[in-house]
Amino acid sequence: MSGEVLRALSDLPHDFPGVAFAFAYGSGVIVQHGYKSPTRPMVDLVFAVDDATQWHAENLRRNPTHYSAIRALGPTPIAWLQRCTASGLYYNTLVAWHGLLIKYGVVEFPCVLRDCEEWTSLYTAGRLHKPVVFLQDSPRIQHARTTNLIHALRTSLLLLPSQFSRTELFRTIVSLSYT
C-alpha cells in the first residue's frame, strides 16, 4: 500500500460517521502480482455500522456528494434499499476523497456477522477470504472472521483432489465467493 493511500485511510475515522469495523481490499490497497494499470486503481472499502439509517443520516450531512440522486430520498429509504439486497450492502462509488478515487460499501454489523458465520450471501465473507487491510477492527467480529476462514478452508479441502499444492489451496479459497 502506498504512503498516500495509507495517509488518506488514516483520516477515515474523522471523515465518516461511527464505523464499527472497516477494511480495504482490492488492487487499490494491495499490490497484486501482474496487475498493471496506467491509472491508479480505485480504493475499495467496506464499513460495518450499527444502524444504517442513523449512519446514512449523518453521512448525508457530512458527505452529501458521495451519494447519487438517491440522496434526495433521505436516509430511511437508502437504509431500506440496503437491507433489501442479498448482501446487505449499499455502495457509494466513484467518490473523490483525499486525492483518491474510492468506493465504499456500508453494511450493518449483524449482517457481516451472519454472512461470516452462515455464508448467507458470501459477499462480505468472501471478501474476507482474500487479502484485506483492516482499518478498524472490532472484537465483536473476531470470532466470526475466524469461523469464516475455517469454513473456507474446510470447503476448499472438500473441493480439492487428495494431492494439491499450497497455491492450489489458496486459489480455491479465494475463488469460493465467485462460484
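Arg-145 is buried, with a relative accessible area of 18%, in this predicted model. The side chain of Arg-145 forms a salt bridge with that of Asp-137, at 2.8 Å from N to O. Asp-137, at 37% relative accessibility, is partly exposed.

Three of them are set out below.

| Salt bridge | N to O distance |
|---|---|
| Arg-145 and Asp-137 | 2.8 Å |
| Arg-62 and Glu-58 | 2.9 Å |
| Glu-108 and Arg-83 | 2.9 Å |

Glu-108 is buried, with a relative accessible area of 17%, whereas Arg-83 is partly exposed at 41%.

Arg-62 and Glu-58, by contrast, both belong to helix H3 (residues 52-62), where they stand four residues apart, about one turn of the helix. Arg-62 has a relative accessible area of 35% and is partly exposed; Glu-58 is also partly exposed, at 23%. At 23%, Glu-58 does not count as buried because that class requires a value under 20%.

The second largest pocket has a volume of about 180 Å³. Its lining consists of Tyr-25, Gly-26, Ile-30, Gln-32, Arg-127, Lys-130, Pro-131, Val-132 and Tyr-178. By residue class, the lining of this pocket comprises five nonpolar, two polar and two charged residues.

Note on methods:
Residues numbered from 1 in each chain as written. Predicted model: local features only at pLDDT ≥ 70, side-chain atom pairs only at ≥ 80, totals over all residues. Heavy atoms only, no water. 1 Å grid on protein atoms, 1.4 Å probe; cavity = no way out; pocket = protein on both sides within 12 Å on 5 of 7 lines; lining within 4 Å. Points joined across faces, edges and corners; volume = space filled by probe spheres on them. Nonpolar A, V, L, I, M, F, W, Y, C, P; charged D, E, K, R; others polar. Salt bridge = Lys/Arg side-chain N within 4 Å of Asp/Glu carboxyl O. Helix = DSSP H or I, 4+ residues; strand = E, 2+ residues; numbered from the N terminus. Buried < 20%, exposed > 50% of the residue type's maximum accessible area, 1.4 Å probe, protein only.
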